[in-house]
Amino acid sequence: MEHYYQREIETAPREQIRALQNERLLATVRRVYERVPLYRGRMQAAGVTPDDIQSVDDLKKLPFTYKQDLRDTYPYGMFAVPMKDVVRLHASSGTTGKQIVVGYTANDMEVWSDCCARSIVAAGGSAEDIVHVSYGYGLFTGGLGMDAASKKVGAATIPVSSGNTQRQITILKDFRSTILCSTPSYALHLAEALRESGASKKDLSLKAGIFGAEPWTNEMRRELEEQLGLKAFDIYGLTEIIGPGVAFECGEQTGMHVNEDHFLIEIIDPDTGEVLPEGTQGEIVFSCITKEAFPILRYRTRDIGLITRKPCPCGRTLVKMTKPRGRTDDMLIIRGVNVFPSQIETVLLEQGYTANYRIIVDRSQNLDSVDVEVEIGSELPSDTVKGLDRQEKALEEALRSLLGISAKVKLLEPNTIERSQGKAVRVVDKRKLLD
Ligand code: ADP
Ligand code: ZN
């Protein structure tokens, strides 16, 4: 039987969700117009007043907000409440430039933990569970976000944070953790370390994993499920919107339900800004409609995905978004061919290699070159140099025929690529250094 954390809203009729969204959007637009100079200025410049926004259908009249706006107003220029009402600050990891700061009121903290709690319950979690949080604790939203959610559900929370992999393995075994929360790349690293310690999934009590904060493929999902003996659930979010819990996966594993009683989702054409119909891929844009401290409207995430309103067998009526396949700024353009690292990952795993890989892009004499380095699995024979050579050629051929890119493949011994404790760094783009 399906369990819900907040059944009433998670399974509400569409009209009810829409009415709530309309009411909340109107109030938020009015509030930011009054309190955030950037929004007032942008709306005035676009000739829009709060009265022009009567329902979600009018959302498209509002100007977009960009990451650069957050940098320009750093640190507190976008806050809509006085500091006395702010109870928490977080910052983005700054993987793509200068960090940005976000704030939460006490109510924002409640909303956030409720959103993440929906994910834990959708993954089968309850007060009976032992939730092992390996996301980093600190300014990064992952650790404390899932921690608060686990507390809401009433589970026993283990705040391990990231790092110290051997200790994580000991805790997973001895404390009998039942739900693992981490980045998918770190979960894979834990699986490797488990194997190397001579143990296996049989020594663990895990039943579910809640993995997110970075793109990962369904092939990687199968690896994690197989190696750790759990069912793997995706969770999506970004610091600017609230952190993890913007969207979460149910047991169907066919997309993530967006917590759209708090966040409105639109898919737009990244070049024209035009809103695209359901089912069309484009850039994901979010508007916060309940946030008090940091209510951001029409935020351009640069993540690429699509939405579907097809009824979900789990009973939730919240719209679903696909796994983002990457960010617009992660997309590699290699000799004119667009390719996301996640597409390369799919090919590697389908061909029997590991998810421990690096993509190195370079340019010489105005020609782009791509080197894909990937570790062979410990069970794959790599005996003869000749054999390796043949395997490399076969993989190069697969990348060419499936993705249309010509890449040079280098197979590596297991454990040669540095493991990340948080988000994995898969791409080294040396061209950026040249510009
Ligand atoms: P930073 O931008 O500094 O890395 P965040 O932690 O806020 O900080 O990162 C949010 C981004 O992480 C999202 O915009 C998205 O690109 C990525 N992300 C988060 N969750 C997922 C997920 N489940 N699948 C794919 N990408 C994800
Ligand atoms: Zn569902």
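In this predicted model, the protein is divided into domain 1, spanning 7-19 + 58-328, and domain 2, spanning 334-429. The centres of the two domains, taken over C-alpha atoms, are separated by 28 Å. Their contact draws on 25 residues from domain 1 and 19 residues from domain 2. About 1700 Å² is buried between domain 1 and domain 2, with carbon and sulfur atoms giving 50% of that area. On the domain 1 side, Thr217, Glu219 and Arg325 lose the most area to domain 2, and together they make up 28% of what that side buries.

Polar pairing across this interface comes next. One salt bridge is found between domain 1 and domain 2, and 11 residue pairs are in polar contact. Helix H8 (184-196) and helix H9 (218-228) are the elements that give two or more residues to the side of domain 1 that touches domain 2. The largest share of that side, seven residues, comes from H8. A salt bridge joins Glu192 to Arg419, with the closest N and O atoms 2.8 Å apart.

Glu219 and Arg222 meet through their side chains at 3.7 Å, N to O; being three residues apart in helix H9, they are separated by about one helical turn. Glu219 counts as buried at 14% relative accessibility, whereas Arg222 counts as exposed at 52%. Glu226 pairs with Lys201 in a salt bridge of 3.5 Å, N to O. Because Lys201 lies in the loop between H8 and strand E6 (208-212) and Glu226 in helix H9, this pair ties together parts that are 25 residues apart in sequence. Lys201 is partly exposed, at 30% relative accessibility, while Glu226 is exposed, with a relative accessible area of 51%.

Over the whole structure, the search finds 28 salt bridges. One of them links Glu2 and Arg316, whose closest N and O atoms are 2.9 Å apart. Glu2 lies in the segment before helix H1 (7-10) and Arg316 in the loop between strand E13 (307-308) and strand E14 (320-321), so the pair ties together parts 314 residues apart in sequence. Here Glu2 is partly exposed, at 25% relative accessibility, and Arg316 is buried, at 2%. Elsewhere, Arg363, Asp368, Asp429 and Arg431 are linked in a network of salt bridges.

Finally, helix H10 (residues 341-350) is largely enclosed by the rest of the structure, because seven of its 10 residues are buried. Among these are Ile344, Val347, Leu348 and Leu349, along with Glu345. Just after H10, Gly352 takes a positive phi of about 90 degrees.

Key: Residues numbered from 1 in each chain as written. Chains lettered and ligands numbered in written order. Predicted model: local features only at pLDDT ≥ 70, side-chain atom pairs only at ≥ 80, totals over all residues. Heavy atoms only, no water. Domains from an automatic or database assignment. Contact = heavy atoms within 4.5 Å. Buried area = accessible area lost by both parts, 1.4 Å probe. Salt bridge = Lys/Arg side-chain N within 4 Å of Asp/Glu carboxyl O. Polar contact = N/O pair within 3.5 Å; in protein donor to acceptor, adjacent residues only side chain to side chain. Helix = DSSP H or I, 4+ residues; strand = E, 2+ residues; numbered from the N terminus. Buried < 20%, exposed > 50% of the residue type's maximum accessible area, 1.4 Å probe, protein only.
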